[in-house]
Amino acid sequence: MQPGPPPPPGYWPRQTPPPSAQQLRGRTLAAQPEPYPYQHRPAHRPKLRWVASPPPGAWPRRRVTPPERYYGPPSYPVPPRWGFPNLVWRRPTSVPGTASDEVRPIDRLPVLSRSLIGVLFAFAVLAVVAAGAEVWRYVLLVEGRESALNRSVVAFSDGFVLTAGLLASILALLPAALTLWWLLVARRAAADVSGDDPPRPVWQVLVGVLVPLANLPMALSIAGELEHAVLGRARDVRPKPSRQVLVWWGAWLLNWVLLGVTIVWRFRDDVQSMADSVVLVALTDLAAASLAVMTAMVVRRFTALLAPSDARAVRSMRVLKVAGAPEPELRTARPSGAAR
């Protein structure tokens, strides 16, 4: 130990008073072992905390790995036997937040076409039922010319005609909207596959499908241009609609013509015109059912040409016999590195 500095002049250390009897008693009790129960522990205890820390240099240093040297692209003494999986087509991997996460029209088309085909066939069945109700009403009108009709039968026929007609008229909006949506998606998918822009803008397509009288000739042009793009024909070649598209256009014309004639015929108030309107409504329902069926067939064909087929839906085939094929040439030498 080293001596400290000398005290300043006039300094006198303070004398500590002797401990009192109460302090001596407390020291004696603190020196004794702690009795039971533990509630009699002293209220104030010194708070000590021991912290152990390793000295500097006790931990081993991390070994620094030198960067590997680049020796160029890989080389193989023989052709490698690994490769890509034996698949015809695979859905591209989508990464969230990037451009690959967006659904392409070619991927959306099969799902939309399946829903559209189911709705079209359901509407065709409903239109046939509505046509049958109109035919039944016409039969009752013919029978009522010679004999009295049952009141309950006539009431049921009127309710049946009204319900089927309203359902067919209201539910016709659903297949019409889905068909228009499928048409826009199919045009975009065909343009992506061919690499060319669609021949018409969207507003011309909407006018050619939705505007009456203008949609009669333009529907054939729009369907023919879509078929031309789906088949992958050259852009500078004039589109030539197939027989299926022409039959669909005939059903389209028949449906619109009958609809217009039926609406005009409804304004006549004589008895014969009312009976004729029943026949016209039945023919219009049948024309709508045929148009729905033809539209479903066209949608199925165009979708099958545009969208790739699902590998799970393709039936596996096996070669059983080859007839008329030349004999294969036998290999006389084995390449170096080939597996035995």
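Predicted model: local features only at pLDDT ≥ 70, side-chain atom pairs only at ≥ 80, totals over all residues.
Visitor: Why is the contact between Asp192 and Arg188 called a salt bridge?

Guide: The side chains of Asp192 and Arg188 come to 3.5 Å, N to O. A salt bridge requires such a nitrogen and a carboxyl oxygen to lie within 4 Å, so the pair qualifies.

Visitor: What separates Asp192 and Arg188 along helix 4?

Guide: They are 4 residues apart in helix 4, which means a separation of about one helical turn.

Visitor: Is Asp192 buried, partly exposed or exposed, and how do you know?

Guide: Asp192 has a relative accessible area of 45%. Buried means under 20% and exposed means over 50%, so Asp192 is partly exposed. Arg188, at 36%, is partly exposed as well.

Visitor: What makes Arg200 and Glu225 a link between distant parts of the chain?

Guide: Their side chains form a salt bridge at 2.9 Å, N to O. Arg200 sits in the loop between helix 4 and helix 5, whereas Glu225 belongs to helix 6, 25 residues apart.

Visitor: Which parts of the chain does the salt bridge of Arg301 and Glu227 link?

Guide: The closest N and O atoms of Arg301 and Glu227 are 3.1 Å apart. This pair joins helix 8, which holds Arg301, to helix 6, which holds Glu227, across 74 residues.

Visitor: How do you know whether Arg301 and Glu227 are buried or partly exposed?

Guide: Glu227 has a relative accessible area of 2%, and Arg301 has 27%. With buried set at under 20%, Glu227 is therefore buried, while Arg301 is partly exposed.

Visitor: What is the make-up of the lining of the largest pocket by class?

Guide: The largest pocket has a volume of about 1,300 Å³. Among its 43 lining residues, Phe123, Ala172, Ala176, Asn255 and Leu291 are the closest to the centre. The lining comprises 32 nonpolar, 7 polar and 4 charged residues. Helix 8 provides the largest share, 10 residues.

Key:
Residues numbered from 1 in each chain as written. Heavy atoms only, no water. 1 Å grid on protein atoms, 1.4 Å probe; cavity = no way out; pocket = protein on both sides within 12 Å on 5 of 7 lines; lining within 4 Å. Points joined across faces, edges and corners; volume = space filled by probe spheres on them. Helix = DSSP H or I, 4+ residues; strand = E, 2+ residues; numbered from the N terminus. Nonpolar A, V, L, I, M, F, W, Y, C, P; charged D, E, K, R; others polar. Buried < 20%, exposed > 50% of the residue type's maximum accessible area, 1.4 Å probe, protein only.
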